[in-house]
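Here are some notes to read alongside the model, written as numbered points.

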2 protein chains.
Amino acid sequence: MDQHTRASFDEQLRELQQELLRMGGVVEQMLFMCVKALVERDVALADETINMDDIVDGYNLDIETHCLRLLALQQPMARDLRTIAAVLKIITDVERMGDYAVDIAKTAKILAEKPLFKPLVDIPRMAEIVQRMLRESLQAFVNHDTALLEQIVTEDDAVDNYNRALTDELVGYMEKNPSVVYQAMRLILIVRYLERIADHITNVCERVYYMETGTLKELH
Amino acid sequence: MDQHTRASFDEQLRELQQELLRMGGVVEQMLFMCVKALVERDVALADETINMDDIVDGYNLDIETHCLRLLALQQPMARDLRTIAAVLKIITDVERMGDYAVDIAKTAKILAEKPLFKPLVDIPRMAEIVQRMLRESLQAFVNHDTALLEQIVTEDDAVDNYNRALTDELVGYMEKNPSVVYQAMRLILIVRYLERIADHITNVCERVYYMETGTLKELH
């Protein structure tokens with residue numbers, strides 16, 4: 001690339017990163033909303049979350065088109081190519097996280113029909129960690145911050161612990177009281193969705209690591 | 001592209017497709033094995049399934065590297081570019097399907113500890129449909145067969161129906177008999193994993209449709 005092409009390419013990469021951050025911001029917001037909808041049995045908020053999925057899908061398509069145009073016009077090599085491949089992979093993960101937020105919102109609507117058999121304390125905490133992990137993973141991408149990746153992986157351990165502990169706890173409730181089976185089973189699914197979102201964030205981290213180092217490494 | 005480059009590019013695309021078919025074949029095999037392991041309480045077979053995940057991860061990396069090399073060396077445009085982007089996306093979905101087969105195998109190991117409270121009939125049937133869908137989706141990709149995509153989407157409806165019916169049935173068992181909660185809850189997760197695999201196959205179908213037509217359309 002000559003100097004002018006380089007500058008223009010860098011400019012477009014920056015734009016791409018900004019788009020990705022905005023996409024991630026929408027999903028982070030959806031995560032916050034769907035869990036709030038669950039806790040407060042707020043069907044309208046759940047519907048709002050579900051509707052936001054179109055925004056995420058729009059970003060997904062726009063960013064992909066943007067990537068393909070960059071690939072076609074600029075024919076980047078080595079690290080630049082790896083960066084664009086990373087964006088293509090990361091948007092798939094982020095889009096899927098949005099789908100899980102929709103799943104949680106749909107489950108929140110079902111559960112809103114009657115009062116929950118117990119107040120929800122740990123699920124919002126688990127969701128908070130996941131939101132933070134998502135934000136940090138995209139920061140790590142934009143700021144080339146591989147040290148941050150290690151921290152996110154530690155947070156993922158906390159999410160796994162919540163997953164195990166909450167599932168055991170909810171199974172215990174179901175065994176003791178058949179009348180809570182329906183609700184507890186759906187809460188287990190929500191816990192599972194949150195854990196999956198964290199898995200996708202780990203994918204993003206591995207991808208950032210690869211982009212920065214050229215090495216694929218399992219971070220979890 | 002000149003004629004020679006064209007021929008070489010087409011040859012490499014064909015190789016890429018063959019690699020993808022082999023990767024899909026491994027995952028299809030894993031799906032078969034993990035459900036057989038579940039039904040027959042065969043821990044060794046479950047472990048074998050889990051170990052096969054490394055093969056899938058290897059394909060994932062090889063194919064991606066192959067795609068990036070093609071992008072860098074051949075600088076393809078338009079449809080060729082869309083094809084390579086499709087492969088990059090499809091391998092992510094197929095790799096994730098392999099992860100779900102591993103999840104099923106791990107759950108099969110847990111459930112193998114004691115006899116199941118009921119014989120499994122519908123889960124193997126559901127898994128069979130999913131295996132067929134996976135095979136067909138990759139055939140549709142390789143053979144540019146958009147008509148086949150419609151058929152796969154119909155099969156996805158059957159998977160969704162199994163998901164709903166089996167979940168309801170298992171919740172019913174749990175409500176009636178607390179002693180089956182632990183097993184039934186894990187069977188619900190397996191049903192959910194199969195449904196997710198079918199979702200990923202739908203992603204593959206949408207991607208094939210996009211590659212063939214240049215239009216993104218929700219097929220489900």
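1. Contact here means heavy atoms within 4.5 Å. With that in hand, and not counting residues up to four places away in sequence, Val43(B) touches Lys109(B) and Ala112(B). Val43(B) belongs to helix H2 (residues 43-74) of chain B, where helices (H or I, at least four residues) and strands (E, at least two) are DSSP runs numbered from the N terminus. From Val43(B) to Leu111(B) the C-alpha distance is 9.5 Å, although 68 residues separate them in sequence.

2. A word on provenance: this is a predicted model, in which local features need pLDDT of at least 70, side-chain atom pairs count only at pLDDT 80 or more, and totals for chains, interfaces and linings use all residues. Residues are numbered from 1 along each chain as its sequence is written, chains are lettered from A and ligands numbered from 1 in the order in which they are written, and side-chain values use heavy atoms, with hydrogens and water left out.

3. Now the overall make-up of chain A. Its secondary structure amounts to 6 helices and 0 strands, in the order α-α-α-α-α-α from the N terminus. The C-alpha trace of chain A spans about 70 × 35 × 20 Å along its principal axes. Among contacts in chain A between residues at least 6 apart in sequence, 81% join residues at least 24 apart.

4. On burial and surface, 59% of the 220 residues of chain A count as buried; buried means under 20% relative accessible area, exposed over 50%, and partly exposed in between (1.4 Å probe, protein chains only). The accessible surface of chain A is about 9,100 Å², with 49% of it belonging to carbon and sulfur atoms. These areas come from the Shrake-Rupley method with a 1.4 Å probe, and for residues only the protein chains shown count as cover.

5. How are the two chains related? Chain B is superposed on chain A by a rotation of 180° with 0.0 Å of shift along its axis (RMSD 0.0 Å). That is the relation of a two-fold axis. The same surface serves both copies, as 100% of the contact residues of chain B recur in chain A.

6. Helix H6 of chain B (residues 181-213) is worth a look. Just after H6(B), Gly214(B) takes a positive phi of about 80°.

7. Arg41(B) has a positive phi near 50° and sits in the loop between helix H1 (3-39) and H2 of chain B. His144(B) also has a positive phi, of about 50°, and lies in the loop between helix H4 (122-142) and helix H5 (146-176) of chain B. Arg41(B) is partly exposed at 35% relative accessible area, and His144(B) is partly exposed at 42%.

8. Finally, is Asp80(B) buried or exposed? Asp80(B), in helix H3 (residues 78-111) of chain B, is buried, with a relative accessible area of 12%. Leaving aside neighbours within four places in sequence, Asp80(B) is in contact with Met1(B), Arg6(B), Phe9(B) and Leu13(B).

Note on methods. Copies are superposed by least squares on the C-alpha atoms of residues with pLDDT of at least 70 in both.
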